[in-house]
Amino acid sequence: MSYKGGFPRASEVKAIRARYDFSVEGGAVGDIVISAEQIPAGAYITHGFVEVDTAPTSSASGALAIKVESAGDIVAGAAVSGAPWSTAGIKSIVPAATGATAVKTTTARPIVATIATGALTGGAVDVVLFYVVLPD
């Protein structure tokens, strides 16, 4: 198929929301799928944000990261005792509406919270991502 050109319209920009909630998922070290839906293969994640509703806590220096395609591609792993996790509010993510920070999926993927170095004992975080799937 030949390239038709053009840019995505606002109606073609999709959003996906996920939530890590300790009271639902627990806080064991490892990967936890936090989205009910998946981002399709070939999607470009262009931007978004996380909103810390309740700051995550840990009794053992726990760290939290958010990923879709590879480790830390949405939010790099960081101790929950510091930024961005230690205070409530809206936080920036890696894809910041630039070509250099966009993430392209190679297959359909969910949003995943990765807990490392120590289990979490509390916290609730929303993740909102915006993406486009462009025709060939």
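1. A quick term to start: buried means under 20% relative accessible area, exposed means over 50%, and partly exposed falls in between (1.4 Å probe, protein chains only). Asp 126 is buried, with a relative accessible area of 5%.

2. Please keep in mind that this is a predicted model, where local features need pLDDT of at least 70, side-chain atom pairs count only at pLDDT 80 or more, and totals for chains, interfaces and linings use all residues. Residues are numbered from 1 along each chain as its sequence is written, and side-chain values use heavy atoms, with hydrogens and water left out.

3. How many salt bridges does a search of the whole structure find? The search finds six, a salt bridge being a side-chain nitrogen of Lys or Arg within 4 Å of a carboxyl oxygen of Asp or Glu.

4. Back to Asp 126: its side chain meets that of Arg 17 in a salt bridge (3.2 Å, N to O). Asp 126 lies in strand β9 (residues 120-133) and Arg 17 in strand β1 (residues 14-21), so the pair ties together parts 109 residues apart in sequence. Strands (E, at least two residues) are DSSP runs, numbered from the N terminus. Arg 17 is exposed, at 59% relative accessible area.

5. Now look at Asp 53 and Arg 19, whose side chains form a salt bridge (2.6 Å, N to O). This pair links distant parts of the chain, with Asp 53 in strand β3 (residues 43-58) and Arg 19 in strand β1, 34 residues apart. Asp 53 is partly exposed at 34% relative accessibility, and Arg 19 is partly exposed at 30%.

Key
Helices (H or I, at least four residues) and strands (E, at least two) are DSSP runs, numbered from the N terminus.
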